[in-house]
Amino acid sequence: MRGGLHGVDPQLNRQVSATQQALAFLDRAGTQLQDLNDGLTLQLARRQHGLVTDGGDTGKLEQQVRDFDDLWSERPKASAGTLDNQLGYNAAGDARQKFSARGLQLESLRAGDRETLKLSVGNGSQKVASVVVEPGLSDTALVQRFDRALAPSGIRAQRNAQGDLSFNVAETAWPTVRESLTIRGEGRRFPTGQFNRLRLAPEESAIRPQDWNVTDAAATRRMLQQVRDAQHAVGTAQTRAGQALADMSDRVAPQAPDKAQAETQWAAEFTQTFEATAGRGDYQVMSAVTPALLGISRDRVVALLGPVAR
């Protein structure tokens, strides 16, 4: 019964399910990458010993690359949004796409006179964000101004690894932002008048199977190293997602030296959570609660809750 009652937490259930999907995707990716590693290693060994590379082997490798490219393109959906294109893990399923914008570099934004920049996302019906840039502003201040202004549009600003201004947005919103983020200035850094589309450069994926080929020995060696780098990235992601899933399991079934005390504490916390959640009365909640409550009598509830019920 207790296992069923824990199903009343829809958010935790979604995170568990999404993380399991991510791990299944990573398992498939790891298997395909290992097959590629083995095939490339064999082909390089044949070349090293002066053996003619069999056309069938090359064709098999090329097909494996196509298969992995197809799998990688499924990453957003297959991982339920928990894995971004760097294989960073996000339990909430809000994988982000990082990007930079031409003309929006910290050094250039500090140069020249004070100017108010207007930014807009969408077809013009969206709220326009205003950012004032001026000499003397620190990097942190500039980043914070862009972050506050663009946050309502779902875009966040930060400093990238190179120390310059960059942005990120939910992957699902990236196509819209890429095509419709516009800017208007006061004639200093950006023209006044009409809004002009910003040129955005997305951060490249950590794994780029579209660039892999086995046309010659040098390309094969390069691809082998890229495949091994991809295996390392997949392994790191598996560790993080696996640990996250274990932490979620601990939340569902906490361990304590005194089991009776832990049960009583859980019952008290559950009573409060159940009351607040069931009060919402929406379909998703009721569909989770109803199966858990079937066949439960008052006596069983009292026996479970013990002191809490009394």
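Two strands are taken to pair if DSSP finds at least two bridges between them. Helices (H or I, at least four residues) and strands (E, at least two) are DSSP runs, numbered from the N terminus. The structure described here is a predicted model, in which local features need pLDDT of at least 70 and side-chain atom pairs count only at pLDDT 80 or more, whereas totals for chains, interfaces and linings use all residues. Residues are numbered from 1 along each chain as its sequence is written, and side-chain values use heavy atoms, with hydrogens and water left out.

The protein chain contains 11 helices and 8 strands. Of its 310 residues, 35% count as buried, a class defined by a relative accessible area under 20%, with exposed meaning over 50% and partly exposed lying in between (1.4 Å probe, protein chains only). Contact denotes heavy atoms within 4.5 Å. Among contacts between residues at least 6 apart in sequence, 64% join residues at least 24 apart.

Strand 2 and strand 3 are joined in the antiparallel sense by 5 bridges, and Leu-119 stands opposite Ala-129 in strand 3.

Strand 4 is joined by 4 bridges to strand 5 (residues 165-170), the two running antiparallel, and Ala-157 stands opposite Phe-167 in strand 5. The loop between helix 6 and strand 4 holds Ala-151, which counts as partly exposed at 30% relative accessibility. The C-alpha atoms of Ala-151 and Val-169, 18 residues apart along the chain, are separated by 9.5 Å.

In soluble globular proteins, nonpolar side chains tend to be buried together. A nonpolar core is here a set of buried Ala, Val, Leu, Ile, Met, Phe, Trp, Tyr and Cys residues joined through side-chain atoms within 4.5 Å. The largest such core has 30 residues, and those with the most contacts inside it are Leu-104, Phe-146 and Phe-167. Two or more residues each come from strand 1 (96-101), helix 5 (106-110), strand 2 (115-120), strand 3 (129-133), helix 6, strand 5 and helix 7 (174-180). Helix 6 gives the most, with 6 residues. Leaving aside neighbours within four places in sequence, the contacts of Leu-104 include Leu-109, Leu-117, Phe-146, Phe-167 and Phe-190. Apart from this core lies another, of 26 residues, among them Leu-61, Ala-78, Ile-207 and Ala-237.

Aromatic rings of Phe, Tyr and Trp (its six-membered ring) pair if their centres lie within 6.5 Å; planes under 30 degrees apart count as stacked, over 60 as edge-to-face and the rest as tilted. By this rule there are 6 aromatic pairs. Phe-99 and Phe-167 are stacked, at 5.6 Å centre to centre and 25° between the planes. This pair links distant parts of the chain, with Phe-99 in strand 1 and Phe-167 in strand 5, 68 residues apart. Phe-146 and Phe-167 form an edge-to-face pair, at 6.1 Å centre to centre and 70° between the planes. Phe-146 lies in helix 6 and Phe-167 in strand 5, so the pair ties together parts that are 21 residues apart in sequence. Phe-146 is buried at a relative accessible area of 0%, and Phe-167 is buried at 3%. Ring pairs also link Phe-25, Phe-68, Trp-72 and Trp-212 into a cluster.
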